[in-house]
Amino acid sequence: MSEPVADASADQPAAMVRLRVAVDTPQHSGLTGPLDYLSPQPLAPGSLVRVPLGRRELMGIVWPGEPSGDTDPALLRPILSALDGLPPLSAAWCQLVEFAASYYQRSVGEVALSVLPPQLRELDGQKLKLRLKRVAKLGAESRGAQAEAGRAAAAQPPELSPAQAEVLRQLDEMLTSPAPAPVLLYGITGSGKTEVYLRAAEHALQQGRQVLVLVPEINLTPQLEARFAERFADRSIVSLHSGLTPALRLRHWLAAHLGEAELVLGTRLAVFASMPRLGLIVVDEEHDPSYKQQDGARYSARDLAVYRAHLEKLPVILGSATPSLESWQRANEGRYKRLALPGRIGGGALPKVRLFDMKLLPLSKGVTTALTRPLIEALRSRLERGEQSLIFLNRRGYAPVLHCGECNWKSDCPHCSAWRVFHKGDRTLRCHHCGFTERVPSACPTCGNQDIAPLGRGTERLEEQLAETFPEARVARIDADSTKHKGQLEAQLQAVHAGEVDILVGTQMITKGHDFRGITLVAAINPDGALFSSDFRAPERLFALLMQAGGRAGRDAAQAARSEMWVQTWHPEHALYKALAKHDFEAFAASQLAERESAGLPPYAHLALLRAEGRTAEAAKGFLDAAAAFAQQMPEAAQVLVYPCIPMSVARVANVERMQMLVEASNRSALQRLLWHWMPELHALKREHKGLLRWAVDVDPLAI
């Protein structure tokens, strides 16, 4: 930082300049906006400063706008120092943060500081100079290496299909438009959406602009990074996600902020990347729930990407084979421009979907509800032909629960209202909510019966059964347990791509974005649970998951004709499966939107969820009841419906009771007005309800 600012005495206020500074104030303080400080010289909005707050020293950001002027300057504290070696954050970046804070009901300082690299807060002027020199040096080295790679790279981009060429023609028109509408790129799996992203990025880069590409999960970032690095060997590319080391995250952020990085690939936090020459935003798999932050400021990166594009008047591409119903409806209304890629590259067909009715399963010994005899035969025929198969089961572990047949004991978690999952690999019972883990008991803890058995099936058990059924096959499992160590996921995916795996078992991790060329059979095991969920979005998520899973089959056009997707279901007559069998997303979306409209649910209504956690259920309920009573008295409540509070689906986690209350409005601004006036009272109520541990408002919640 620059030289520390000299102590400001109270009798020299005229020499000092008043600044607005955004700092990360505690939520319970009720301070949501920037605070006023004094500075010996004017500082540009967006400058980083260090300021005192109470007894602490914090990083702050000089915020645009006029200081309040309410407080006597003699009572204001001076800033301590300014990080003057760094260009200020742009006005557009500050506007984006201010909108996010306002819309998602958090303080400006909390959002602004939480999306900056943590290491940035620890830097002083000297350390910053060293970091900037390192970034410049690495940038120069990188440009040299890229220029060399660019000369060596002879790989020509693939020829475009007519549909891709038409989409890109329309995108080119939008790149030059003064205020382009958001683009919803609706392309079936394998239709070449990534190639469209690459070409659109190339056009933006040629205009001297930067490009931001968002992906839903970290495990997709290296794969996409490899595609972009191969195409843009002569360009500077960085990634931004929570899996990076703090030092690397800071370096990549600085490269983007200084304009050194031309392409930034990242997960949801990258939507806040500071990019002075931003010219294009791409949101891949825009329907994915991973774009919604689940703690702190519960923002949607997809929605903020659309807002950022609107703010900076640049194009944003939302790509998906199964768009979110909100995006689909906006395209129906003409607010988004829908561009379609209806066919697979190379003319390959989508896999034939077979709905296997489990009610017709013959009741004979040795037949299970996972590995049915027809499925075993289908897997065997693939093995004989040297083709790969994928088994999708969205439940990790060996079995969801251990059970005693004598006394009906089950492996519940003592700290949560949930079962502990049996993991056979390390012989543990593990709660996937609070993490409580114990060794598997040798006998039933209640009655001493030694014959306790697993109930149900997870990926670990399915992998074991496949290995027993096909001893000659190479079976691999990809889920959160098998990939928790660094490098494991990349190694396993590489093995699949190299043809070293015959049967791949996994959770939803393997259904998204992966280009497995050798897979000709995908089987979905036991997907019915979501059909009868209390969450109205569950069918939408299930349809997207199954469409994505099926899309892993037949990506090689030569094998596409004999590719299949099997769905083992007890309800083959369900409308969701009927639409899936025809690969008819449009029919599914139409039926779901009709249901949502008649029920008054998003996108035809706007929701917020007030969650409360307490030492007892009564404490959480008391807070929510008091909050509801206050809301009903507000004039803004006339256009808003506040539902009674209910326990969350998993009501207790780590000995904390959890309740929630839904707030619904047909008008977005009516909901925002209510929340704006409600929030100060909620802070006050927290102080009155001593048994309450924490509370949070979730605007546009995804899980209810």
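This is a predicted model: local features need pLDDT of at least 70, side-chain atom pairs count only at pLDDT 80 or more; totals for chains, interfaces and linings use all residues.
A residue is called buried when its relative accessible area is under 20%, exposed when it is over 50%, and partly exposed in between. By that scale Cys407 is partly exposed, because its relative accessible area is 31%.

Begin with the chain as a whole. Its secondary structure comes to 17 helices and 28 strands. Computed along the principal axes in the model, the C-alpha trace spans about 95 × 70 × 50 Å. For 704 residues, a compact globule would have a radius of gyration near 27 Å, and the chain agrees with this, having 27 Å. Of the 704 residues, 54% are buried. Among contacts between residues at least 6 apart, 76% join residues at least 24 apart.

Now return to the cysteines. A disulfide is a covalent bond between the sulfur atoms of two cysteines. How many disulfides does a search of the whole structure find? The search finds 0. Two cysteines show why. The cysteine sulfur closest to that of Cys407 belongs to Cys444 and is 3.5 Å away, which is too far for a bond, since a disulfide needs the two sulfur atoms within 2.5 Å.

Helix α12 gives a view of how a helix is placed in the chain. The helix covers residues 488–497, and Leu489, Leu493, Ala495 and Val496 in it are buried. These residues lie on the same side of α12, because they cover an arc of only 155° around the axis. What do the buried residues of α12 pack against? Their partners are three strands: β14 (388–392), β20 (475–478) and β21 (503–506). After α12 comes Gly499, which has a positive phi, near 80°.

Two loop residues complete the tour. Ser191 is in the loop between β6 (183–187) and α5 (193–206). Is Ser191 buried or exposed? With a relative accessible area of 2%, Ser191 is buried. The side chain of Ser191 reaches the backbone oxygen of Ile188 at 2.7 Å. Setting aside residues up to four places away in sequence, Ser191 touches Gln164, Leu341, Gly343, Arg344 and Ile345.

Glu217 lies in another loop, the one between β7 (210–214) and α6 (221–231). Glu217 counts as buried because its relative accessibility is 18%, and the limit for buried is under 20%. Beyond its neighbours within four places in sequence, Glu217 is in contact with Thr267, Asp288, Ser290 and Lys512. From C-alpha to C-alpha, Glu217 is 41 Å from Gly405 in space, and the two are 188 residues apart in sequence.

Definitions and conventions:
Residues are numbered from 1 along each chain as its sequence is written. Side-chain values use heavy atoms; hydrogens and water are left out. Buried means under 20% relative accessible area, exposed over 50%, partly exposed in between (1.4 Å probe, protein chains only). Helices (H or I, at least four residues) and strands (E, at least two) are DSSP runs, numbered from the N terminus. The arc is that of the directions from the helix axis to the C-beta atoms. Contact means heavy atoms within 4.5 Å. The radius of gyration is taken over C-alpha atoms; the globule rule is 2.2 Å times the number of residues to the power 0.38. A polar contact is a pair of N or O atoms within 3.5 Å; within protein, one must be able to donate a hydrogen and the other to accept it, and residues adjacent in sequence count only if both atoms are side-chain atoms.
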